[in-house]
Amino acid sequence: MTFFYQHRVDPAVPIEEVAGAVKELIAEGKVKHFGLSEAGADSIRRAHAVQPVAALQSEYSLWWREPEAEILPVLEELVIGFVPFSPLGKGFLTGAIDAGTQFDTSDFRNTVPRFSEEARKANMALVQVLQGIATALHATPAQVALA
């Protein structure tokens with residue numbers, strides 16, 4: 001199964017043009033399915049009107065639930081699959097990261113506000129809940145977060 005994913009919608013290119021180009025690739029037999037990554041509800045609808053979208057890839061975890069408000073209902077309505085990425089919150093939900101964790105200077109998490117020292121300290125309450133549940137279930141925080 002060959003997927004074409006548009007990773008990050010380019011605001012300079014109408015999504016209809018992208019969907020149209022993918023539609024041509026599908027007609028030529030070069031691609032079988034069209035997917036989007038981190039697209040908003042309006043972009044999903046507009047792309048889907050030109051070429052059915054098979055799946056949307058977006059961040060989703062116990063720490064990042066934003067797709068629930070607007071995206072997941074659109075996907076359900078249009079019968080589009082959902083591929084979550086970073087289900088362990090970019091490692092935070094494993095319990096291996098805390099307020100004192102130092103990331104390598106090249107680590108992208110240095111630029112993500114959720115990974116500032118203050119945010120990590122504030123969000124440790126969630127990890128502590130996961131750790132408590134994991135201990136009771138003889139599991140790891142990661143296993144609980146994924147379940």
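Predicted model: local features only at pLDDT ≥ 70, side-chain atom pairs only at ≥ 80, totals over all residues.
Colleague: Which domains does the assignment give for the protein chain?

Modeller: The assignment gives domain 1 (1-87) and domain 2 (89-146). Their C-alpha centres lie 28 Å apart.

Colleague: How many residues of each domain are in contact with the other?

Modeller: On the side of domain 1 there are 7 residues, and they are in contact with 11 residues of domain 2. The area buried between the two domains is about 920 Å², and carbon and sulfur atoms give 65% of this area. Leu 62, Trp 63 and Pro 87 supply 74% of what domain 1 buries against domain 2, more than any other three residues.

Colleague: Which parts of the chain does the salt bridge of Glu 16 and Arg 46 tie together?

Modeller: The side chains of Glu 16 and Arg 46 meet at 2.6 Å, N to O. Glu 16 lies in helix H1 (residues 15-27) and Arg 46 in helix H2, so the pair ties together parts that are 30 residues apart in sequence. Glu 16, Asp 42 and Arg 46 are also linked in a network of salt bridges.

Colleague: Where do Glu 77 and Arg 45 lie?

Modeller: Glu 77 is in helix H3 (residues 71-78) and Arg 45 is in helix H2, 32 residues apart. Their side chains form a salt bridge of 2.8 Å, N to O.

Colleague: Is Arg 109 buried or exposed?

Modeller: Residues under 20% relative accessible area count as buried. Arg 109 has 17% relative accessibility, so Arg 109 counts as buried. Asp 107 is likewise buried, because its relative accessible area is 18%. The side chains of Arg 109 and Asp 107 meet in a salt bridge at 2.7 Å, N to O. By contrast, Arg 45 is partly exposed, with a relative accessible area of 37%.

Colleague: What is Ser 43 in contact with, leaving aside its neighbours within four places in sequence?

Modeller: With those neighbours left aside, Ser 43 is in contact with Val 9, Ile 15 and Leu 36. Ser 43 has its place in helix H2 (residues 41-50) and is buried, with a relative accessible area of 14%.

Notes: Residues numbered from 1 in each chain as written. Heavy atoms only, no water. Domains from an automatic or database assignment. Contact = heavy atoms within 4.5 Å. Buried area = accessible area lost by both parts, 1.4 Å probe. Helix = DSSP H or I, 4+ residues; strand = E, 2+ residues; numbered from the N terminus. Buried < 20%, exposed > 50% of the residue type's maximum accessible area, 1.4 Å probe, protein only. Salt bridge = Lys/Arg side-chain N within 4 Å of Asp/Glu carboxyl O.
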